[in-house]
Amino acid sequence: MSTQTLETRTRTTGIRLMTQPSKSRLVRALARHLATILIICFLLYPVAWLVAASFRPDNQVLSTLGLFGRFTLDNYRHGLNPAPSLHFSRFFLNSAVVAMLAVIGNIFACTLTAYAFARLDFPFKRVLFAILMATILLPYHVTLVPQYILFDKLSWLNTYIPLVLPKFLGADAFFIFLNVQFIRALPRELDDSARVDGCNQWQIFRRIIVPLSLPAMGTTAMFTFIASWNDFLGPLLYLSKTQLYTVPLGLNMFIDATGRSSYGSLFAMAVLSLVPLVAFFLAAQRMLTQGITTTGIK
Amino acid sequence: MTTYEETVAGQDAPGAAPTGEKSPRRKRKWRSALTAYAFLTPWLLGLVVITLGPMLFSLYLAFTRYDLLSPPRWVGLANFRRMFGADPRFWQAVRVTLTFVLVSVPLVLIVSLLLALFLNRGIRLLGIYRTLFYVPSLIGSSVAIAILWKQVFGTFGIVNRGLEFIGLHHGSWVGNPGTALYAIIGLNLWAFGATMIIFLAGLRQVPANLYEAASVDGAHVFQRFWHITLPQLTPLIFFNVLLDTVHAFQAFTGAYVVSGGSGGPSDSLLFYTLYLYQKGFVEFQMGYAAAMAWLLLAALAVFTAIAFSTARFWVHYGDEA
């Protein structure tokens with residue numbers, strides 16, 4: 001009896017939904033879009049203002065809340081070349097080198113480690129995995145002081161080694177975990193058939209796991225790039241020579257060196273510093289969705 | 001235990017087949033363990049040299065006085081005694097950081113959850129909206145945005161010009177000790193997109209038949225949220241609370257850039273990490289900085305333990321439903 005009433009009830013609600021006037025649904029959908037767009041505009045307005053202000057003449061940079069005004073490229077010209085001996089593009093090059101090495105290092109260490117945890121059996125596996133999980137939540141400050149002392153004793157201050165070496169040694173436990181989860185979800189039958197064909201563990205890793213886990217590697221690459229490009233504390237600790245500065249340190253130096261007078265060039269360089277982040281994000285996003293669709297088709 | 005044995009046996013059999021070698025089982029096990037450890041070498045090396053070794057060394061340093069120039073000198077509990085008894089700036093750093101965490105984390109969670117619920121109504125163009133909502137998370141921790149934020153909350157910033165527009169006048173937010181922290185809380189809230197996307201993904205996983213059953217039972221919107229959506233989301237809420245809290249305790253760049261590295265005005269932006277940085281790398285009191293780091297670790301460990309031990313009372317895992 002209860003099932004019968006249940007069925008009739010669903011039928012009536014179904015009918016009610018079907019006969020609902022589509023006009024009010026359209027209005028509601030439009031209102032929803034409008035609200036969403038308003039929230040996004042509100043959120044991104046400061047960034048739009050920053051971009052607009054960076055193109056205004058120096059004395060008008062902070063003068064208005066609006067986005068429009070006189071247009072000039074002077075801020076970019078001055079910002080890129082603030083002193084004869086110094087060119088801001090140097091910092092971009094440095095940041096790019098550090099970020100690329102960090103990405104390569106992280107992918108190298110994370111996939112190797114993740115493969116072992118996801119597919120191989122070895123003594124102390126559970127203990128080591130528990131340690132891995134615990135290090136995800138470890139605040140980096142606990143190792144900050146001794147790491148600094150270690151790199152100082154090795155005379156590695158003012159090199160990129162302290163910024164990059166930890167990535168090659170899998171210090172980002174979160175990405176190892178991400179790759180473990182991904183590899184665990186890959187069908188084991190592929191490994192087994194490769195093993196029957198005579199592949200050893202390394203060949204299974206190279207020929208099957210690596211190509212199939214490209215989406216996870218793409219995610220790792222993207223987040224490593226973002227973190228490395230935005231990293232401020234690391235370079236602040238380890239780099240003191242201006243020629244080695246990364247972009248965040250360069251920007252920070254700008255704040256210290258320039259007074260209230262040249263917000264224009266500071267803003268211009270701030271805008272430039274965000275361009276690679278957004279570009280990499282959009283490129284990686286397309287790559288990620290493609291990766292998902294291609295594996296989906298397979 | 002049995003599953004472990006089974007997987008080992010399952011892996012051994014096909015491995016031996018092509019070579020036709022009838023070596024003792026033990027030797028094969030030994031070889032496969034060796035292979036696994038070869039894959040693990042970079043991480044294990046890092047674990048010892050980059051993580052565990054330094055951790056233990058910093059535990060030792062916490063009980064010493066060390067300025068990098070002369071060797072560490074054992075001082076017992078002196079660092080901790082000074083921290084608790086004779087360092088008002090330490091307590092200020094604790095106060096600032098706790099205020100930030102207790103306001104910022106719940107605020108980000110509530111806003112992301114509300115917006116995720118709002119966007120999860122089969123709206124078109126969701127992909128584009130999601131990307132745009134993510135942009136602040138993408139750039140939020142950069143120095144560039146911290147510079148921008150200093151302006152937004154400055155005397156002539158967007159916030160004040162907006163307030164003027166509706167007839168309110170306010171001085172510089174970042175220049176006033178009473179309000180400077182709001183600017184950093186605002187910066188953190190601004191980057192809520194990443195958390196929201198996690199919630200959106202979670203909302204997609206809620207089985208639709210639960211809602212159907214509830215509407216049959218005559219549950220209205222709020223009841224459906226309280227009895228279905230919220231319990232189904234608790235694993236993600238747990239995950240976000242844990243990660244966001246741990247990250248909030250470690251906030252650094254925004255406070256450094258907005259205060260010019262000083263933690264001012266009047267130490268109102270003296271985040272724990274900023275004070276640790278000042279002690280360790282400006283004043284070169286490495287022992288004191290190490291003691292602070294271990295105290296932070298202990299606090300976070302207690303928090304994590306509480307979170308995990310209470311999880312079974314409020315985190316809902318799908319299967320038993």
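Trainee: What should I know before reading the numbers?
Mentor: This is a predicted model, in which local features need pLDDT of at least 70 and side-chain atom pairs count only at pLDDT 80 or more, while totals for chains, interfaces and linings use all residues. Residues are numbered from 1 along each chain as its sequence is written, chains are lettered from A and ligands numbered from 1 in the order in which they are written, and side-chain values use heavy atoms, with hydrogens and water left out.

Trainee: OK, how many helices and strands in chain A?
Mentor: Chain A has 14 helices and 0 strands. Helices (H or I, at least four residues) and strands (E, at least two) are DSSP runs, numbered from the N terminus.

Trainee: And what percentage of chain A is buried?
Mentor: Of its 298 residues, 47% are buried. Buried means under 20% relative accessible area, exposed over 50%, and partly exposed in between (1.4 Å probe, protein chains only).

Trainee: How many residues of chain A are in contact with chain B?
Mentor: 88 residues of chain A are in contact with 85 residues of chain B, where contact means heavy atoms within 4.5 Å. The two chains bury about 7800 Å² between them, 77% of it on carbon and sulfur atoms. That area is the accessible area (1.4 Å probe) that two parts lose on being put together, summed over both.

Trainee: Which residues of chain A lose the most area there?
Mentor: R32(A), D121(A) and L137(A), together 9% of what that side buries.

Trainee: How many salt bridges between the chains?
Mentor: The count between chain A and chain B is 0. A salt bridge here is a side-chain nitrogen of Lys or Arg within 4 Å of a carboxyl oxygen of Asp or Glu. Over all chains the structure holds 7.

Trainee: What does R119(A) pair with?
Mentor: R119(A) forms a salt bridge with D191(A), and the closest N and O atoms are 2.6 Å apart. The pair links distant parts of the chain, 72 residues apart, with R119(A) in helix α4 (residues 89-119) of chain A and D191(A) in helix α9 (residues 188-196) of chain A.

Trainee: Why does R119(A) count as buried?
Mentor: Because its relative accessible area is 2%. D191(A) is buried as well, at 3%.

Trainee: You mentioned D121(A). What is its salt-bridge partner?
Mentor: K125(A), with the closest N and O atoms 3.8 Å apart. D121(A) is buried, with a relative accessible area of 13%, and K125(A) is buried at 19%.

Trainee: Switching to chain B: at what angle do α4(B) and α8(B) pack?
Mentor: Helix α4 (residues 88-119) and helix α8 (residues 180-190) of chain B pack at about 35°, with their axes 9 Å apart. Axes are lines fitted to C-alpha atoms, for helices over the stretch in contact, and angles run from 0 to 180 degrees between N-to-C directions.

Trainee: Which residues make the contact?
Mentor: Among them are F100(B), V103(B) and L107(B) of α4(B), and I184(B), I185(B) and N188(B) of α8(B).

Trainee: How covered is α6(B)?
Mentor: Helix α6 (residues 143-152) of chain B is mostly covered, with 9 of its 10 residues buried. W149(B) and Q151(B) are among the buried ones.

Trainee: Last one: where is V206(B)?
Mentor: V206(B) is in the loop between α9 (193-205) and α10 (208-216) of chain B. Leaving aside neighbours within four places in sequence, V206(B) is in contact with Y211(B), I228(B) and Q232(B). V206(B) is buried, with a relative accessible area of 7%.
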